[in-house]
Amino acid sequence: MSRVRFGAVAAAVLAIGVGAAGCGGSSDKDTSAAAGTLVIALPSQPDNLNPIYGDSVYEGTQKAFNGLLRYAHDLSPAPDLASALPKRSADGRTVTVTLRDDVTFSDGTPFSAKDVVFTYEAILDPKTASPLATLLDSVDAVKAVDDTTVQFVLNRPDPAFEDKLQLGIVPEHLLAGKDLKTASFNRKPVGTGPYVVTEFQPGGRIVEEANPSYFRGAPKIKRIVLTAVEDENARVALLEKGTIDAAGIVPKLAPRVRRNKNYNVYEVRTADARVAALPNRDPVLRDPALRRALSYGVDREKIVQSALAGVGEPAYGPIMKGHWAYSAAAERPYDPAKAGSLLDAAGWTRSGDATREKGAKKLSFLLMYPANDSVRKDIALAFSSQMEKIGVDVRLQGLSFDVIQTRQDKGATEFGYGVPYDPDLELYTLFASKFASEPGDVADTAFTNYPRTRNDAIDAALDAERSTLDRGARKQHFAELQKALADDASWLWLVRLRHIVVISKRVQGVDPQVEPHAHGFSRGTSWNIEDWTLDAT
Amino acid sequence: MLKLVVRRLALLPVILLAVATLTFALTEISPFDPVRAYVGAETDVSPQRRAEIAQAYGFDEPVYERFGRWLGHLAQGDLGNSLVAGGQPVAGEIASRASATIVLVGGALLIVLIGGLFFGVLAAAFRGSALDWVVRTLCYFNTAAPSFWLGLLALYVFSIELDWLPAGGTTDPRAVDATGIDPAHLVLPMIVLALTQYAWFTMFVRNTLLEVLREDHVQFARAQGIGEVALLLRHALPNALIPFVTLVGTNLAELIGGTVIVESIFGWPGLGQITLQAALREDIPLLVAITLAASVLVVLGNLLADVLYRVMDPRVREAAA
């Protein structure tokens with residue numbers, strides 16, 4: 001009797017399992033559409049596709065939107081939705097942009113100046129809670145002069161403002177009056193871009209299809225699938241299996257992929273630096289003389305070799321080599337003897353190969369890095385072994401940023417920063433005194449000016465470079481800034497990465513730009529994805 | 001029996017309220033900073049804008065106010081909106097992910113039941129033999145191996161090295177239609193999830209059977225000359241199954257908990273995968289809703305087990321009546 005009843009239960013459970021599984025099944029019926037598809041793996045699925053909620057101006061994987069301007073291959077600003085480059089008033093504080101009149105959103109509605117005004121006002125509205133709001137702190141007002149003319153009124157002659165005209169424009173008619181934080185648009189976006197988002201599977205894939213009415217002509221690759229693969233080894237395995245066609249990978253796995261004949265491996269030059277923030281309140285690191293000495297003691301070439309498998313370049317300051325604002329004079333080349341004598345002069349003396357000491361105190365500090373980032377871990381390890389050579393003991397700890405921020409003044413932290421665009425975009429919030437919070441402030445945990453640097457020379461250079469539009473003068477001020485930062489040495493630049501991007505040989509037309517700090521398959525690689533073509537298998 | 005069902009269901013709201021309160025309290029004492037999670041650590045957001053973001057989302061409000069507002073919305077049938085889900089309604093996010101998790105848990109439960117029963121009976125039937133030793137040793141090994149390790153091992157062996165099975169997701173990303181679940185994609189995560197519970201079941205079945213075999217009525221049957229196989233299957237097993245049913249209810253909770261790790265390893269777009277993100281980013285509405293949904297499942301699963309127990313065992317039925 002009881003056995004029969006148990007059988008009925010098992011059958012019921014079976015029915016649930018099989019019934020639910022039965023609704024699936026692989027679909028290979030339409031192989032032609034699948035063959036014309038490019039599958040790109042990202043490290044995580046973006047949770048929000050609305051450009052107003054983009055976590056920075058630098059991420060550009062999805063191509064459903066256009067800005068007023070875009071970066072050309074050499075990163076000079078070029079018109080996108082604008083019909084020409086913007087015009088500035090004599091004082092630099094009024095920026096007038098004329099717009100194309102032949103653009104429609106993918107739902108057929110014409111694009112006009114009111115969409116631009118809506119987008120910029122939405123970002124500035126505190127109720128929107130856009131992470132991009134700080135970027136637009138120079139904007140006082142944005143007005144539609146007529147359907148194809150927009151005017152921005154700035155509270156200072158923001159020399160980096162052209163970079164801020166690259167934000168994706170959203171359609172007013174779909175979003176006006178809505179709570180943007182909870183709009184369904186965030187996952188079903190409608191833009192003017194070359195691709196239209198047709199599917200958003202939470203936790204699964206995002207499908208984008210070519211926009212047939214794109215104003216520069218429909219893209220050649222008809223379908224792009226973005227899938228999230230968190231594990232770095234799994235990304236490589238999926239490339240080898242052919243499940244995915246393109247992905248960003250970590251340097252140490254590059255040799256394995258290079259052996260595979262089906263893929264091109266691109267080493268994309270980046271501004272993406274790894275830098276240790278040395279907090280001004282740490283009992284050991286508070287001494288600028290000590291911090292300067294550490295900078296001389298780092299063999300950056302060697303870190304590139306050991307931690308990045310040779311794929312990268314040394315970094316000495318916030319601006320990358322080759323950038324118009326870069327100043328070679330501020331470089332502190334590797335000089336262990338000088339590091340040693342500076343440390344001796346600062347009172348940290350050494351006998352033999354032992355750790356340096358001042359009285360009873362050992363020269364030792366903590367370096368924290370985000371634990372889930374294997375590249376940062378390797379860089380931290382290489383750095384620590386370099387420091388050991390000059391008698392400095394660096395203790396390493398992999399943590400989450402949530403924990404790291406609670407120890408802001410209790411040790412160094414390895415960060416990633418860098419834009420190849422206008423340096424003002426990033427450097428002001430990183431270094432200016434007014435972005436250094438006091439412990440106990442409401443926003444004590446802000447990551448702006450993390451080492452809490454208060455340095456008059458740095459502030460003066462920063463204020464000077466953003467007060468003029470003259471590039472020659474700005475270059476001079478950036479040189480002063482780089483010198484002041486090297487003297488202060490609250491930030492210890494280590495290396496600049498090259499992003500390693502693997503793309504199937506079936507794809508033609510890949511020509512990466514220099515990339516900003518980013519994770520995964522980023523803007524510099526995908527900037528011209530609408531011009532790529534895909535060979536048949 | 002009706003009394004039992006009514007009493008348990010009446011208790012359900014109290015349990016859910018307690019679970020919700022506890023979840024709110026736990027997020028309050030967790031070290032995670034929702035604003036940091038929202039804007040990222042390495043982005044240039046000024047302290048003032050951070051404060052505005054906290055205000056817009058209510059992160060700066062005391063936890064009891066947030067809890068009160070959440071209760072008010074709940075009374076109107078609104079579970080709130082999820083930050084992790086791009087601001088979309090929690091109910092919709094859960095609905096779109098539930099089927100993937102239900103299939104995974106249902107399939108794993110089935111494997112646990114059938115596998116546990118089969119190998120448990122086998123080990124009991126041949127107790128003391130080499131077969132019994134193998135089953136038991138594998139069970140001990142299985143109990144000692146953590147699920148993330150088993151998951152990664154399975155991934156590398158079966159999908160990468162041997163290339164027999166796909167390595168994650170519910171379908172091939174290239175597929176034109178990806179609304180369903182491809183059975184080939186289900187195999188690995190389902191088995192790994194099942195392995196988190198399988199050993200307990202097997203050992204439980206084996207040991208209960210051995211106990212029952214020593215009982216008087218089985219000895220009596222044996223004395224009557226009934227064969228060992230019939231003895232095991234017709235006299236011992238039905239009695240051993242009764243406590244087995246109650247274990248199903250308890251272990252359903254373990255399987256649901258196991259999805260957090262298994263879904264993350266296999267990129268399975270279910271509720272377990274997003275639970276971790278919801279916790280790390282202090283997405284309270286989503287976290288509470290998932291916790292409540294899991295609690296309802298566990299309570300109902302236990303209730304079902306208890307009802308079945310009464311149906312199957314006349315002694316309990318009579319005692320309760």
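Visitor: How many salt bridges are there between chain B and chain A?

Guide: Take a salt bridge as a side-chain nitrogen of Lys or Arg within 4 Å of a carboxyl oxygen of Asp or Glu. Between chain B and chain A the count is four. One pairs Asp47(A) with Arg281(B), where the closest N and O atoms are 2.6 Å apart. This is a predicted model, with pLDDT of at least 70 needed for local features and 80 or more for side-chain atom pairs, while totals for chains, interfaces and linings use all residues. Residues are numbered from 1 along each chain as written, chains are lettered from A and ligands numbered from 1 in written order, and side-chain values use heavy atoms, without hydrogens and water.

Visitor: What area is buried between chain B and chain A?

Guide: Buried area is the accessible area (1.4 Å probe) that two parts lose on being put together, summed over both. Here that comes to about 5,900 Å², 58% of it from carbon and sulfur atoms. On the chain B side, Glu42(B), Asp44(B) and Arg174(B) lose the most area to chain A, together 15% of what that side buries.

Visitor: And how many residues does the contact take from chain B and from chain A?

Guide: With contact meaning heavy atoms within 4.5 Å, chain B gives 68 residues and chain A gives 81.

Visitor: Now the sheet: in what order do the four strands of chain A run?

Guide: Strands are DSSP E runs of at least two residues, helices H or I runs of at least four, both numbered from the N terminus; two strands pair if DSSP finds at least two bridges between them. The open sheet goes β4-β5-β7-β6 in chain A, with antiparallel pairing.

Visitor: Why is one side of β4 and of β6 left without a neighbour?

Guide: β4 (87–88) and β6 (139–146) of chain A stand at the edges, each with a single partner strand, so one side has no neighbour in the sheet. β6(A) pairs with β7 (residues 149–154) over six bridges, and Asp146(A) stands opposite Thr149(A).
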